[in-house]
Amino acid sequence: MFCMAAQTMGYRVCVLDPAPNGPAAAIAERQIVAKYDDKAALEQMGALCAAVTTEFENVPAPSLELLQRHCRVRPSAQAVALTQDRIAEKRFIRSCGVDVAPHAAITAATALDAIEAALFPAILKTARLGYDGKGQVDVAEPSALSAAWQQLRATDCVLEQRLRLRRELSVIVARGADGAKEYFPPIENEHRQGILAVSTLPAQVSSNQLSRVRDIVARIADGLQYVGVLCVELFELADGQLLVNEIAPRPHNSGHATIEACVSSQFAQQVRALSGMPLGDPALLAPAVMLNLLGELWLGADGAPQPPDFEPILAIPGACLHLYGKGEARPGRKMGHVTVVGPSPDIARERACRVADILGLPRPQLSTRGAGPQ
Ligand code: ADP
Ligand code: MG
């Protein structure tokens, strides 16, 4: 999606990916098949490209540092490095004056029996390399902590209190090198088994909530001296309190609907920020609901491959299908998404429910609870 946005603006794209047939390779003009830490490959890329970005936060920060010696890299290696480690990330967010969930760092130096009982029930999350709920284990009570940590191979972790969420929001911002910021409308997200299932754009928020979330996002983006597209995932608690869950230094799955729903998509904003062009207009053109399409949809009841029939979905007004061209369907693997736009939030949602019914997915559970006066 980034490649396509760059090409629309006349750029040619080179992709470095360890997998030979990744989705971007089918679209980019050039591909370098190499590991993310292959020095010769990185030097080749740095010589070829005017500017480099990443769509995946686990590219090793030293690789981005190496590229920085050759060409412009946005976001910076330093900003990406910070978001690669949940312990450092939470410390940084608090240093910006922004709240996070109650938590404790769990490392080899931690006395597990000294962890406060008030954190339980909790979730133990690996500090590094987790995504889509992977690298997370529920820990009901203090006595279960040691076994849970062993299950995660005693790697550095964060133990986080399990919170009762009223809803989850995300806010995507583009920040230019001059510090200018353009915010997309807040998005409401529904996760199933730790994986994003549905995003609704825009989330219903009061003007007070909107200014609070923008203040949080501005503190984080400015604090990182960030250049590019950044997503901040937020938890809203029953009392209206907003906590930052995590930050993603890239366009985010919850923002895919910006392709159809906004004047400039999150990918177009990344191209503009990377190339030093003025940021685009993130204004809403049409309310939208995005449904993720996971690998299980491609597997029949017996587990044998059976691609879904998308024809009835494409007959629904406002439904836009995106398939990523990934070779193998596996349960939980993101294979594509459907964005459904409509003339009103209710109509977009009603159409998205029809898409969900056809595919056999649970219907979007959009909360109307956030529309209160806080
Ligand atoms: P990932 O890196 O896999 O996205 P997250 O920390 O964002 O990991 O967790 C994935 C999802 O799990 C969240 O979006 C949320 O739905 C749920 N979750 C994570 N932490 C908590 C928590 N402390 N309390 C309640 N739910 C949580
Ligand atoms: Mg997350």
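**View 1. Protein donors of the magnesium ion (ligand 2) in a predicted model**. The magnesium ion is held by E233 (OE), E233 (OE) and E246 (OE), at 1.9 to 2.8 Å. Donors are N, O and S atoms within 2.8 Å of the metal (3.2 Å for Na, K and Ca), and sites may look incomplete because water is not among the atoms. E233 belongs to strand β13 and E246 to strand β14, so the pair ties together parts 13 residues apart in sequence. Strands (E, at least two residues) and helices (H or I, at least four) are DSSP runs numbered from the N terminus. E233 is buried at 12% relative accessible area, whereas E246, at 22%, is partly exposed. Buried means under 20% relative accessible area, exposed over 50% and partly exposed in between (1.4 Å probe, protein chains only).

**View 2. Polar contacts of ligand 1.** A polar contact is a pair of N or O atoms within 3.5 Å; within protein, one must be able to donate a hydrogen and the other to accept it, and residues adjacent in sequence count only if both atoms are side-chain atoms. A side-chain N or O atom of K125 is 2.6 Å from an oxygen atom of ligand 1. Q136 places a polar side-chain atom 2.9 Å from a ligand oxygen atom, and a backbone N or O atom of Q161 is 2.8 Å from a ligand nitrogen atom. Ligand 1 taken alone exposes 550 Å², of which the protein buries 91% (Shrake-Rupley method, 1.4 Å probe; for residues, only the protein chains shown count as cover).

**View 3. The shell around ligand 1.** The shell holds 20 residues, with K125, G133, E168, N245 and E246 coming nearest; a residue is near if one of its heavy atoms lies within 4 Å. At least three residues come from each of domain 2 (102–161) and domain 3 (164–373), with bounds from an automatic or database domain assignment.

**View 4. Helix α5 and its ends.** In α5 (residues 86–95), the buried residues are R86, I87, E89, K90, F92 and I93. D85 caps the N-terminal end, with a side-chain oxygen 2.8 Å from the backbone nitrogen of I87. Just after α5, G97 has a positive phi of about 80 degrees.

**Notes for all views.** Residues are numbered from 1 along each chain as its sequence is written, while chains are lettered from A and ligands numbered from 1 in the order in which they are written. In this predicted model, local features need pLDDT of at least 70 and side-chain atom pairs count only at pLDDT 80 or more, while totals for chains, interfaces and linings use all residues; side-chain values use heavy atoms, with hydrogens and water left out.
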